[in-house]
Amino acid sequence: MIRRNGFTDESLEWRSWLEPLRIADASPLQLEVLDESHAQSRTSPYYLTLAHQPLMLRHRSAAYNAIMYAPGGLPRAERELGAMVVSVTNGCVYCTSVHAQRFEQLAKRSDTVEQVFDNPASAGTSERERAIARFAIAVTERPHALGADDIAPLRAVAMTEEEIIDLLHAVAIFGWANRLMQNLGEPADTTT
Amino acid sequence: MPALDIPDNDVIDHAAGLVPGDALHSARRFRAKVVEATQASHDALLEQPVGGLSTADRLRVAIHVCTLASATSLAQHYQARLAADAARDAPPAAALPAMLQFAAALTTDPRNGDRAAIDALRHAGLADPAIVALAQLVAFLSYQLRVVAGLKAMRASRGGTP
């Protein structure tokens, strides 16, 4: 288990500041969208909160699942690295814990996670990981000022056009995911 | 490459200056499902009826967010949508100032979120389903404007030819 700078790779709970939908009150559409969004969504305060707007949740989940899980393109561990770096940069403790775990499961190591928790700007155990981390920070912090200079380091580590698009999607969608997690509720320790 | 038929009204393509036939337009279709779900999200966020949250007010929020983030081409898209909205001249909801404040805080730094911001929206008269819709819209815009900015950077790195 890693705990540094307020971040952890341990499992956390999340508490909603809104009234999550009660399953007993759910419409057939809401149940359908919950089931297609995530395996545990019927008991997840996060999904039950978002289920107040089922069509918005449906298309968000379709985008998210295609970005993070589709086969081919950028290796999934590298998408998770991008997601984790954005989550640390945005200060989203909950998302960071989830995606640190996913990275560890896919990469079968945790050295990069410690580095990201310490300082995402210098994190990475290879040139390729460092290029991914720096790009994730640039997209997060200064989207209006992105340019060719931000793409060159990705090409320099032999990323294909399709891989760059996968990375851009993974990094950008955590601008979306972090904002929901950080503005509709807060993380809670599983032990409390 | 999936040959999914995506009509030529994709908001991100327009904002990033991609047209069918461009190499980058084709490369983006490597993830046709993402292209499709992103556009469907945009449509659902703006067009789904939401009690207390008119489409015109959602467009006003989108314009505010994109202007704050210097996402010029997207701001123009939402301005054009508002100009074409039948309810553009109807007065905005009394809750609009609170909505714009919430949107600005969330866009500038997601750490700004707290329970007090949610309570302010409730006091302004928004029910929880409307707050979910507003938060989804603002969070989506953060994603959309970053995809547009990234595609523009990719285009620039190809020497300006998309």
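This is a short talk on chain B of a predicted model and on the contacts between chains A and B.

Some conventions. Because the model is predicted, local features need pLDDT of at least 70 and side-chain atom pairs count only at pLDDT 80 or more, while totals for chains, interfaces and linings use all residues. Residues are numbered from 1 along each chain as its sequence is written, and chains are lettered from A and ligands numbered from 1 in the order in which they are written.

Chain B. There are 8 helices and 0 strands, taken as DSSP runs numbered from the N terminus, H or I of at least four residues for helices and E of at least two for strands. From the N terminus on, the order is α-α-α-α-α-α-α-α. The radius of gyration, over C-alpha atoms, is 17 Å; the globule rule gives 15 Å for 162 residues, so chain B is as compact as a globular protein of that length. That rule is 2.2 Å times the number of residues to the power 0.38.

The C-alpha trace of chain B spans about 50 × 35 × 25 Å along its principal axes. Of its 162 residues, 46% count as buried, meaning 20 or more other C-beta atoms, placed from the backbone, within 10 Å of the residue's own.

Now the contacts, defined as C-beta atoms, placed from the backbone, within 7 Å. Of those in chain B with a separation of 6 or more, 74% join residues 24 or more positions apart.

Between the chains, 45 residues of chain A contact 44 of chain B. On the chain A side, helices H2 (45-50), H3 (54-69), H8 (148-156) and H9 (161-183) each give two or more residues. H9(A) provides the largest share, 15 residues.

Notes: Two residues are in contact if their C-beta atoms, placed from the backbone, lie within 7 Å. A residue is buried if 20 or more other C-beta atoms lie within 10 Å of its own, exposed if 12 or fewer, and partly exposed in between; C-beta atoms are placed from the backbone.
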